[in-house]
Amino acid sequence: MTSPDGGFLSSLDADSEGHEGRFYVWTPDEIAGVLGPDGGAFFCRIYGITPQGNFEGRSIPNLIGASLAEQAEALGITEERLVSRLAPPRAALLAARERRPRPSTDDKVLTAWNGLMISAFARAYEALERPEDLRSARRAADFVLARLASDGRLLVSWRAGKARLNAYLDDYAFLARGLLDLYEAGFDPKYLDASHGIARSLVARFADPARGGFFFTSEDHEALLARNRSLHDGALPSGAGVAAETLLRLATHFDDSDLREAALRALVAYRPSVERAFSAFASLLVGADFADGPVPEIAIVGGSGDAGTRALLREVRGRFLPNRVVALAKPGESADGLPLLAGRKAVGGAATAYVCRNHICQAPTTDPAVLARELAR
């Protein structure tokens, strides 16, 4: 689902060989044909593959009946041993599946969906510290910025070397958030600057100056009978909700009053709708929660080695702080244009963290345990 240049493709077809899901499902006989009778019976038992099936007469391998840990206990072995025993048959079945006709791929690269994927991979990197997740997020971001963005303006989709269609609110909001998440994962300032530029373009082109909030189409979109709005969460989050939260986060990074005011005006404008059916507006509620605060403003100045910086970041990322913002300056890196980092210095040459709320800061610390206590307040 990744293009050779790094952008995430749109989807795989549900059908192959004229049947929905055929590429992914199995019968006991097919399993036995690959693994042999004994190996097949064992695999089917573990993964719930039956003659009756659980999807149109075939089986999606699953652990709904019992987890691997529970099945290992029933077999009188450790979970690690069971996982090791299952590795060769899983590999054999994967190889067999690769010989089947594959579902077709919708190879469009959509700006909005790539914004969501960039966020997902950036946050996965924060949680799991897998370098490949950060690389995937960066490659997708670089692809979209190179092919679907120009001077703060976006297009909707790219395919076969061509980008087309004037972008919508979701494209701007999701990509701005994705780039901001990517900055807070890897701290390359070019992504923060790109997010800021896209957010300012969002306000200039989508904000309703009369009533507050955001239109779904830009002010230079094709002529429509009416410019509608994107408020409710559905299969995708609300463009307005993601925009409000992202503008507030960026406003904290840059002390940008224009972005803050646009976000707050949107939240005020949408409040009556949210109060009538709050369960339909989770994204707007996230933005409102951020606006209500408090918001930990965390600045980290890297020291002479990476270990101290990683230890401080683990304290930040290892706890539930949904409304925090994080900025980091690497040794010798300029903090120009970033108020969170202005005047911050590494204490004694060691990685140093500053925790502020409403611009009131605690004493700087190089000790992860002290940082943990400050974040818990």
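The largest pocket has a volume of about 410 Å³. Select R123, E126, L321, P322 and R324 to find its middle: of the 17 residues that line this pocket, these are the closest to its centre. The model is a predicted one.

Next, colour the helices around the largest pocket. At least two lining residues come from each of α5 (111–128), α7 (169–186), α9, α11 (282–292) and α12 (306–317). Colouring the lining by class gives ten charged residues, six nonpolar and one polar.

Now move to the second largest pocket, with a volume of about 340 Å³. Select Y125, F187, T309, R310 and L313, which lie nearest its centre among the 18 residues of the lining. Helices α6 (131–147), α7 and α12 each provide at least two residues of this lining. Which helix gives the largest share of the lining of the second largest pocket? That is α12, with five residues. By class, this lining holds seven nonpolar, six charged and five polar residues.

Last, select α9, residues 239–254. Is α9 mostly covered or mostly open? It is mostly covered, with 16 of its 16 residues buried.

After the helix comes D255, with a positive phi near 50 degrees.

Terms used
Residues numbered from 1 in each chain as written. Predicted model: local features only at pLDDT ≥ 70, side-chain atom pairs only at ≥ 80, totals over all residues. Heavy atoms only, no water. Helix = DSSP H or I, 4+ residues; strand = E, 2+ residues; numbered from the N terminus. Expected span 1.5 Å × (residues − 1). Buried < 20%, exposed > 50% of the residue type's maximum accessible area, 1.4 Å probe, protein only. 1 Å grid on protein atoms, 1.4 Å probe; cavity = no way out; pocket = protein on both sides within 12 Å on 5 of 7 lines; lining within 4 Å. Points joined across faces, edges and corners; volume = space filled by probe spheres on them. Nonpolar A, V, L, I, M, F, W, Y, C, P; charged D, E, K, R; others polar.
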